[in-house]
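Trainee: I am new to this structure. Please take me through one part of it closely, and show me how its pieces connect.

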Amino acid sequence: MENQEILLEKKMIKKILFISISFFLFIFIYLTMFFDINDYKTNLENLISEKANIELTIDGDIDLDVGIKTNIEAKNLIIKKEKALLMEADLFKARVSISKIFNGIFDIDSISIINSKLYGINIDEKIIQAYNILAGKRYISNKSRYSSINLITARGYFQNEYLYIEDLKIKTPLLEGDGFGKINTETESITISSNTAIRNTPEIREKYNEFYPEYLIDTQLPVLLSGSYTNPNIDIKISEIVTKKLKEEIKNRAIESIKDKLKDKIQSEIDIKLPF
């Protein structure tokens with residue numbers, strides 16, 4: 001009797017497994033062969049907009065690679081808040097769990113934003129301006145109101161009204177670094193802390209010329225991005241190492257200035273004494 005019950009239980013388990021596998025196989029075939037995510041683009045835009053308290057528009061196509069972890073790729077993203085432009089991006093990539101999203105859990109295993117513009121602040125110009133002022137140089141900013149960002153990668157998850165950001169990596173023409181932070185989608189406030197470093201490329205050296213902060217190469221520059229969606233602020237933290245390098249830079253510039261003045265004075269005296 002017991003053996004029969006065991007056999008029946010095994011048969012039942014096999015049937016359940018067969019039905020489950022068949023169901024998921026059917027869903028997988030349907031999603032890969034017949035389902036087009038672009039038909040539901042508006043629904044996806046509305047879902048993300050509501051969750052993040054923004055206005056998202058996807059102007060390009062969406063590609064969906066379905067698996068245990070689903071890869072989503074979208075082109076030409078535009079993010080606004082009350083018609084104010086916050087961000088534009090050429091390409092957005094994400095790896096998420098579709099099953100979790102269906103259950104209302106928005107965990108982002110990985111995200112990449114490629115060639116984007118962050119409006120409201122120019123991070124590179126603020127950094128150049130601040131460190132030149134500290135070094136005693138007057139740099140006139142180009143007053144551009146957006147940051148060009150080559151690449152952003154991160155992981156994240158929603159918990160209540162917060163989007164927590166982990167393993168953040170960012171690269172702009174001037175800076176590259178990593179950090180973490182959080183966004184409060186209800187109050188629309190941002191807090192992102194990062195350690196950055198000046199990039200040493202021919203293009204960026206040529207762009208800033210004598211204002212390129214040579215003395216900060218291979219030095220960690222702590223940066224805090226805060227504020228709101230429409231009014232972000234950047235706070236540049238001056239570490240002890242940066243303070244030391246600043247003092248050396250100011251000292252070296254003072255010495256060079258004295259040398260130049262001495263050279264000019266000696267040359268002028270020579271010109272006066274010489275009859276030709």
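Mentor: Start with strand S8 and strand S9 (residues 189-198), which run antiparallel and are joined by 10 bridges. This is a predicted model. One place to look is Gly181, which stands opposite Ile192 in S9. S8 and S9 form a hairpin, with 4 residues between them. Find Glu188 in that turn: its phi is positive, about 60°.

Now step to the other partner of S8. Strand S7 (residues 162-171) is joined to S8 (residues 175-184) by 8 bridges, and the two run antiparallel. For the strands in general, keep one rule in mind. In a regular strand, side chains alternate between the two faces of the sheet.

Stay on S7 and look at its charged side chains. Glu166 meets Arg155 in a salt bridge, 3.0 Å from N to O. Glu166 lies in S7 and Arg155 in strand S6 (residues 146-159), so this pair ties together parts 11 residues apart in sequence. Arg155 also forms a salt bridge with Asp167, where the closest N and O atoms are 2.8 Å apart. Asp167 lies in strand S7 and Arg155 in strand S6, so that pair ties together parts 12 residues apart in sequence.

Arg155 has a relative accessible area of 36%, so Arg155 is partly exposed. Asp167 has 48%, so Asp167 is partly exposed as well.

The count for the model comes to 4 salt bridges. One of them joins Arg205 and Glu214, with the closest N and O atoms 2.7 Å apart. Arg205 is partly exposed, with a relative accessible area of 29%. Glu214 is partly exposed too, with 45%.

Go on from S8 to S9 through the hairpin with 4 residues between them.

Conventions:
Residues numbered from 1 in each chain as written. Predicted model: local features only at pLDDT ≥ 70, side-chain atom pairs only at ≥ 80, totals over all residues. Heavy atoms only, no water. Pairing = 2+ DSSP bridges. Buried < 20%, exposed > 50% of the residue type's maximum accessible area, 1.4 Å probe, protein only.
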